[in-house]
Amino acid sequence: MKGSRWFEDHITPDMVQLHRVEEMVYSGKTRFQSVEIIESGAFGRCLVLDGKIQSSEKDEFIYHEALVHPAMIAHPNPGSVFIAGGGEGATLREVLRHPSVKKAVMVDIDGEVIDLCRRHLPSWHQGSFDDPRLELHITDAKGYLESCRGNFDVIVLDLPEPLEEGPATTLHTREFYQLVEGKLGSEGVVSLQAGSASWGSCECFTAIVNTLNAVFPLVSPYTAHVPSYASMWGFAIASRNVSLLSPAGIDRRVASRIKDGLRFYDGLTHQRLFALPKNLRNAIEKEERVITEMEPLFIYKPSA
């Protein structure tokens with residue numbers, strides 16, 4: 001379209017998704033990463049970190065409900081929750097929808113991103129940063145967990161993908177998952193986003209799942225289609241002993257805990273999320289990599 005501005009979201013080295021930019025709301029760099037907030041024609045406002053869309057106004061509810069609620073609903077009574085990353089505040093928003101939560105500790109290394117999101121993405125956080133149950137720490141998640149006392153019922157890892165020189169490289173490793181496992185309570189559950197689970201680019205997802213399997217007795221990978229990502233997206237929950245509920249059990253817990261209901265997640269959707277196609281199950285079964293600090297995993301990073 002003549003005269004239009006376009007944002008190129010590089011999905012893989014061989015595939016790009018174009019977004020028409022109606023307005024460049026913000027563009028700059030923090031100590032850790034580049035940040036853009038754009039108003040797109042198809043998905044509304046979008047947060048872009050290091051050249052990759054993190055979430056969009058139109059479909060962020062899919063990503064954030066898929067990330068948070070399978071773990072929160074699986075836990076019988078989540079009272080304390082740790083969130084790593086999640087600068088938009090939408091992960092925090094979903095966690096705080098559970099009235100049993102008495103304390104939510106959110107740790108993000110990039111306070112500048114949080115400030116930008118608070119200012120420019122109000123429909124994401126919906127005031128959750130002002131909730132008295134929140135403890136917000138601007139620091140490294142690994143360092144915080146190493147020094148903090150006590151355990152958490154649910155840990156949510158809403159971290160950027162492991163881009164080379166990115167802020168989350170050491171947080172997608174066996175060592176970090178071992179640290180997380182040690183900070184879970186007796187019925188604790190961890191959930192995380194695990195990268196693309198599409199047919200042509202699932203290497204990050206399968207490697208993360210295999211690394212979780214090296215640490216946790218119970219690991220359940222799942223996927224959701226997030227349209228602004230142009231792909232199926234991978235997630236996983238892991239625990240020592242917490243099993244997934246039946247669809248009817250999930251619906252009962254959602255109805256009893258979430259006052260206004262959810263837009264995406266329920267018992268029927270849960271069945272779809274965890275029913276992986278055969279090719280993806282085979283890819284996970286064949287995966288041998290375990291991600292470590294000595295042998296980290298890097299995914300494709302768009303050139304500046």
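Predicted model: local features only at pLDDT ≥ 70, side-chain atom pairs only at ≥ 80, totals over all residues.

Q: At what angle do helix α7 and helix α10 pack, and how far apart are their axes?
A: Two helices are compared through their axes, by the angle and by the distance between them. Here α7 covers residues 203–213 and α10 covers residues 278–286. Their axes are 9 Å apart and the packing angle is about 55°. The two helices are therefore oblique to each other. The crossing in which α7 passes α10 is right-handed.

Q: Which residues of α7 and α10 meet?
A: The residues to look for are those with heavy atoms within 4.5 Å. On the α7 side they are F205, T206 and V209, and on the α10 side L280, A283 and I284. Sorted by class, this contact has five nonpolar residues, one polar residue and no charged residues.

Q: How do α8 and α9 cross?
A: The axes of α8 and α9 cross at roughly 130° and come within 7 Å. That angle makes α8 oblique to α9. The crossing of this pair is right-handed. From α8, the residues P247, I250 and D251 meet G267, H270 and Q271 of α9. By class, the contact of α8 with α9 has two nonpolar, three polar and one charged residues.

Q: Which residues of helix α9 are buried?
A: A residue counts as buried when its relative accessible area is under 20%. In α9, which spans residues 267–274, the buried residues are G267, T269, H270, L273 and F274. They lie on the same side of α9, because they cover an arc of only 150° around the axis.

Q: Is Y177 buried or exposed?
A: The relative accessible area of Y177 is 2%, so Y177 is buried. This residue belongs to helix α6, residues 174–182.

Q: What is Y177 in contact with, leaving aside its neighbours within four places in sequence?
A: With those neighbours left out, the contacts of Y177 include L157, L171, H172 and L192. Also among them are I208, T211, L212, V215 and F216. Separation can be read in sequence and in space: Y177 and K259 are 82 residues apart along the chain, and their C-alpha atoms are 33 Å apart.

Q: Where is S80, and is S80 buried or exposed?
A: S80 is in strand β6, which runs over residues 80–85. S80 counts as buried because its relative accessibility is 14%. Leaving aside neighbours within four places in sequence, S80 is in contact with K103, N151, F152, D153 and V154.

Q: What is the phi of D50, and where does D50 lie?
A: D50 is not a glycine, yet its phi is positive, at about 50°. D50 lies in the loop between β4 (44–49) and β5 (52–56). With 12% relative accessibility, D50 counts as buried.

Q: What is the phi of A230, and where is A230 found?
A: A230 has a positive phi of about 60°, although A230 is not a glycine. The loop between β11 and β12 holds A230.

How values were computed:
Residues numbered from 1 in each chain as written. Heavy atoms only, no water. Axes fitted to C-alpha atoms, helices over the stretch in contact; angles between N-to-C directions. Helix = DSSP H or I, 4+ residues; strand = E, 2+ residues; numbered from the N terminus. Parallel < 35°, antiparallel > 145°, perpendicular 65-115°, else oblique. Left-handed = near helix turned anticlockwise from the far one by under 90°. Nonpolar A, V, L, I, M, F, W, Y, C, P; charged D, E, K, R; others polar. Buried < 20%, exposed > 50% of the residue type's maximum accessible area, 1.4 Å probe, protein only. Arc of directions from axis to C-beta.
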